[in-house]
Amino acid sequence: MSASRPEVVGRLVEWLTRIDLARPVRVAVDGPDAAGKTTLADELGEALGGRALRISADDFHRPAEERLRRGPLSAEGYFMDAFDVPALRREVLEPLGPQGDLGYRTTVWDHLTNTSRSDARRTAARDAIVLVDGVFLLREELRDCWDVRIFVEVHEEEQMRRAVERDTEIFGTEERVRERYAVRYRPAHELYWNSARPSEQADIVIDNTDPDSPVIRRWTGNRAG
């Protein structure tokens, strides 16, 4: 089903605000690189106002010597080593879960400067809606941590166009961006797809190839109850 972006965001917000768990609702906004996960999570956060709690998996990277130990272009390294999955569980998802104490941190490591950025613990409201964007969020190690699972898709051609526009300054040239996607990022997502089948796990699958008219590919209902 195709709809305007405001309609899709509005429908998601309406759905999320109806969930009542007597604790924070943990929402995964998953998908491949350059799919538009962060933009969608930010839009949901803005629409939800004070109930939103925004977390990015990009703030839970591992130090460079760990995440690049298989080589800077290793697909296995990106999937298996890039992110500090135990820290994301420990500092965010478990404290905000059924047995948690509502204390959480928003960051542990800055991958751009390769420095620790662990911040002070904060306390979430019980009615918070926790929006976590990132890649590989529906992997086995985090599978039991989500109350709502959103998967954002994008066609490869549009993904590459966005990547070149967004990442050329970071990696230096368009050719290096294309190489990273061809050798590291896309093969890593194939590993993820084969091991986790994320779109099959997701409550909602959104094709975000045309951001102005996203297409809802799947909407299974509220697993959170």
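Visitor: What makes Arg5, Val8, Leu40, Val152, Ile206, Asn208 and Pro214 residues that line the second largest cavity?
Guide: In this predicted model, Arg5, Val8, Leu40, Val152, Ile206, Asn208 and Pro214 line the second largest cavity. A lining residue must have an atom within 4 Å of a point of the space; the residues listed are therefore those that meet this cut-off.

Visitor: Why is this space called a cavity, and how much space lies in it?
Guide: The second largest cavity holds about 40 Å³ of space. It is called a cavity because a 1.4 Å probe fits there but cannot get out.

Visitor: How many cavities of 30 Å³ or more does the structure hold?
Guide: The structure holds 2 of them. The largest cavity contains about 70 Å³ of space, and among the residues lining the largest cavity are Phe60, Phe83, Asp84, Phe136 and Arg139.

Visitor: What makes the charged count of the largest cavity's lining what it is?
Guide: Asp and Arg count as charged, and Asp84 and Arg139 are in the lining. The lining of the largest cavity therefore has 2 charged residues, beside 9 nonpolar and no polar ones.

Visitor: Why is a space called a pocket rather than a cavity, and what volume does the largest pocket have?
Guide: A pocket is so called because it is an open set of points, whereas the probe cannot get out of a cavity. The largest pocket has a volume of about 1000 Å³. Asp33, Asp58, Arg166, Asp167 and Ile170 are the closest to its centre of the 37 residues that line the largest pocket. Helices H2 (37-48), H6 (156-171) and H7 (174-196) each give two or more residues to this lining, and H6 provides the largest share, 8 residues. By class, the lining of the largest pocket comprises 14 nonpolar, 7 polar and 16 charged residues.

Visitor: Which element gives the most to the lining of the second largest pocket?
Guide: The second largest pocket has a volume of about 330 Å³. Of its 13 lining residues, Pro32, Glu156, Arg186, His189 and Glu190 are the closest to the centre. H7 gives the most to this lining, with 5 residues.

Methods:
Residues are numbered from 1 along each chain as its sequence is written. This is a predicted model: local features need pLDDT of at least 70, side-chain atom pairs count only at pLDDT 80 or more; totals for chains, interfaces and linings use all residues. Side-chain values use heavy atoms; hydrogens and water are left out. On a 1 Å grid over the protein atoms alone, a cavity is a set of points where a 1.4 Å probe fits but cannot get out, and a pocket is an open set with protein on both sides within 12 Å along at least five of seven lines; lining residues have an atom within 4 Å of a point. Grid points are joined across faces, edges and corners, and a volume is the space filled by probe spheres set on the points. Helices (H or I, at least four residues) and strands (E, at least two) are DSSP runs, numbered from the N terminus.
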